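Hi everyone, thanks for coming. Have a look at the model first.

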Amino acid sequence: MRPVHLRAWERLRHAYVLEVPHRAASTSIAPGHPLDLAAVFGRTAPLVVEIGPGTGESLVAMAAARPEVDVLAFEVYLPGVARTVNKLHETEITNVRLLQSDAVDGLRNLLGPDSVQEVWTFFPDPWPKVRHHKRRLVDRAFAQLVAGRLRPGGLWRLATDWADYAAQMRSVLDAHPALENVGTTADGWSERDADRPLTRFEQRGIEAGRTVRDLRYRRR
Ligand SMILES: C[S@@+](CC[C@H](N)C(=O)[O-])C[C@H]1O[C@@H](n2cnc3c(N)ncnc32)[C@H](O)[C@@H]1O
């Protein structure tokens with residue numbers, strides 16, 4: 001981090017970034033300490049979870065547009081969390097908290113079953129090499145975890161610009177018995193959501209000639 005960002009980070013982090021007990025790795029989250037969401041946000045409101053917001057480009061805009069929801073975001077990349085904190089401070093929105101933590105641990109250990117109204121997974125790391133596909137976040141085990149955390153009727157919104165990852169998401173999520181594909185196009189994809197801003201990652205994908213796919217699933 002540049003010194004200017006480091007100073008801002010030290011000053012502002014406590015207002016936005018939650019500290020939770022972790023295991024050996026600093027981005028892990030220890031079991032046995034579920035979050036008290038009412039205490040964290042100072043109110044009770046529908047919960048949205050964003051997984052991997054990067055530098056917070058979509059997170060900050062989308063949370064600002066929906067002050068009636070609380071947004072909890074898991075991002076492992078510290079400079080991304082720091083830049084998001086700066087954006088939150090500049091926009092003065094109060095309905096976002098961040099964890100510099102692994103989202104799988106976070107969903108599993110901090111949140112209870114049927115507790116989340118919406119999950120956002122926009123442009124997860126694509127791991128394009130075939131030998132790295134096993135590192136992709138959205139697989140059967142992750143779908144099972146997300147489906148169990150969503151409330152009945154809750155929504156999982158995803159986007160990716162990698163065709164084979166989009167196909168992988170479709171095959172895993174279409175097959176999940178607790179998830180219903182509520183994509184808005186006839187072939188089961190979704191129109192781009194008007195509230196989802198164009199991020200740097202997405203722009204890069206478009207410039208490289210890739211097709212962006214949006215997906216939308218509802219917990220049955
Ligand atoms: C390709 S970037 C996309 C960032 C952002 N969603 C966007 O559209 O601009 C993927 C992000 O997910 C984060 N990430 C990857 N695995 C994660 C995990 N298990 N838990 C939390 N964040 C994760 C990465 O650090 C990275 O910032």
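Which of the 15 residues around the ligand come nearest? They are Gly 52, Glu 75, Asp 102, Ala 103 and Phe 122. Please keep in mind, as we go through this, that the model is predicted.

At Gly 52, a backbone N or O atom lies 2.8 Å from a nitrogen atom of the ligand. Ala 103 also uses its backbone: a polar atom there is 2.9 Å from a ligand nitrogen atom. With Glu 75, the side chain is what counts, as one of its polar atoms lies 2.5 Å from an oxygen atom of the ligand. As for cover, the ligand has 590 Å² of accessible area on its own, and the protein covers 87% of that.

What is the shell around the ligand made of, in terms of nonpolar, polar and charged residues? Eight are nonpolar, four are polar and three are charged.

Where does the ligand sit? It is found in the largest pocket, which has a volume of about 800 Å³. That pocket has 38 lining residues, and those nearest its centre are Gly 52, Glu 75, Phe 123, Pro 124 and Asp 125.

Which helices and strands supply at least two lining residues each? Those are the strands β1 (47-51) and β4 (116-122), together with the helices α3 (57-65), α4 (78-91) and α8 (200-207). By type, the lining divides into 16 nonpolar, ten polar and twelve charged residues.

Finally, a quick word on the second largest pocket, with about 210 Å³ of space. Its lining includes Trp 9, Arg 13, His 22, Leu 78 and Gln 100. Five of the lining residues there are nonpolar, five polar and two charged.

Note on methods:
Residues are numbered from 1 along each chain as its sequence is written. This is a predicted model: local features need pLDDT of at least 70, side-chain atom pairs count only at pLDDT 80 or more; totals for chains, interfaces and linings use all residues. Side-chain values use heavy atoms; hydrogens and water are left out. A residue is near a molecule or strand if one of its heavy atoms lies within 4 Å of it. A polar contact is a pair of N or O atoms within 3.5 Å; within protein, one must be able to donate a hydrogen and the other to accept it, and residues adjacent in sequence count only if both atoms are side-chain atoms. Accessible areas come from the Shrake-Rupley method with a 1.4 Å probe; for residues, only the protein chains shown count as cover. On a 1 Å grid over the protein atoms alone, a cavity is a set of points where a 1.4 Å probe fits but cannot get out, and a pocket is an open set with protein on both sides within 12 Å along at least five of seven lines; lining residues have an atom within 4 Å of a point. A molecule sits in a cavity or pocket if more than half of its atoms lie within 2 Å of its grid points. Ala, Val, Leu, Ile, Met, Phe, Trp, Tyr, Cys and Pro count as nonpolar, Asp, Glu, Lys and Arg as charged, and the others, Gly among them, as polar. Grid points are joined across faces, edges and corners, and a volume is the space filled by probe spheres set on the points. Helices (H or I, at least four residues) and strands (E, at least two) are DSSP runs, numbered from the N terminus.
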